[in-house]
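Please keep the sequence and the 3D view at hand while reading.

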Amino acid sequence: ALTPHSDVEFVVGDRRVRLHRAVLWARSAWFRALLDEKWRAGKRIEVTSMTPEVFGAVVEYLYTGCGLC
């Protein structure tokens, strides 16, 4: 289940990542397009275009502005 403060769950490989739609929407055109396309289907979105490690690095950068800190 989603935590009280997250509102979307991504399934990437064998990992589930709970995030904040507003952060993703504001910081990334790729996530905006993905959320526009997939959000209507539910609050769980499967990502097959990248590995869990790459997805994690992208999310870290979007949330902190620092990818390799």
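Helices (H or I, at least four residues) and strands (E, at least two) are DSSP runs, numbered from the N terminus.

The model is a predicted one, in which local features need pLDDT of at least 70 and side-chain atom pairs count only at pLDDT 80 or more, while totals for chains, interfaces and linings use all residues. Residues are numbered from 1 along each chain as its sequence is written, and side-chain values use heavy atoms, with hydrogens and water left out.

## The chain as a whole

The secondary structure of the protein chain consists of three helices and three strands, and along the sequence these follow the pattern β-β-α-α-β-α. Of its 69 residues, 28% count as buried. The chain exposes about 4,600 Å², of which carbon and sulfur atoms supply 55%; accessible areas come from the Shrake-Rupley method with a 1.4 Å probe, and for residues only the protein chains shown count as cover. When contacts (heavy atoms within 4.5 Å) are taken between residues at least 6 apart in sequence, 51% of them join residues at least 24 apart.

## The strands

Strand pairing is read from DSSP, which must find at least two bridges between two strands. Strand β1 (residues 8-12) is joined to β3 by four bridges, and these two strands run parallel; five bridges join β1 to β2, and that pair runs antiparallel. Within these pairings, V11 has E46 of β3 as its bridge partner, and F10 stands opposite V17 in β2. The hairpin of β1 and β2 has two residues between the strands, and G13 there takes a positive phi near 60°.

Which residues cover the two sides of β1? On one side are V8, F10 and V12, on the other E9 and V11, and all of them are buried. In a regular strand the side chains alternate between the two faces of the sheet.

The residues P52, F55, V59 and L62 of α3 are buried. Seen down the helix axis, the buried residues of α3 fall within an arc of 90°, so they line one face of the helix; the arc is that of the directions from the helix axis to the C-beta atoms. Exposed residues E53 and T64 sit on the face turned away from the buried side of α3. After α3 comes G65, whose phi is positive, near 80°.

In helix α1 (residues 21-27) lies W25, which is partly exposed with a relative accessible area of 33%. Leaving aside residues up to four places away in sequence, W25 touches R32, L35 and D36. The C-alpha atoms of W25 and L35, which are ten residues apart along the chain, are separated by 7.8 Å.

## Salt bridges

Side chains of opposite charge can pair when their charged atoms come close. A salt bridge is counted here when a side-chain nitrogen of Lys or Arg lies within 4 Å of a carboxyl oxygen of Asp or Glu, and the structure holds four of them. The table lists examples.

| Pair | N to O distance |
|---|---|
| E9 and R16 | 3.4 Å |
| R44 and E9 | 2.5 Å |
| R15 and E53 | 3.4 Å |

R15 lies in strand β2 (residues 15-19) and E53 in helix α3, so this pair ties together parts that are 38 residues apart in sequence. R15 is partly exposed, with a relative accessible area of 39%. Elsewhere, salt bridges that share partners join E9, R16, R18 and R44 into one network.

Is E9 buried or exposed? With 3% relative accessibility, E9 counts as buried, whereas R44 is exposed, with a relative accessible area of 51%.

Note on methods
Buried means under 20% relative accessible area, exposed over 50%, partly exposed in between (1.4 Å probe, protein chains only).
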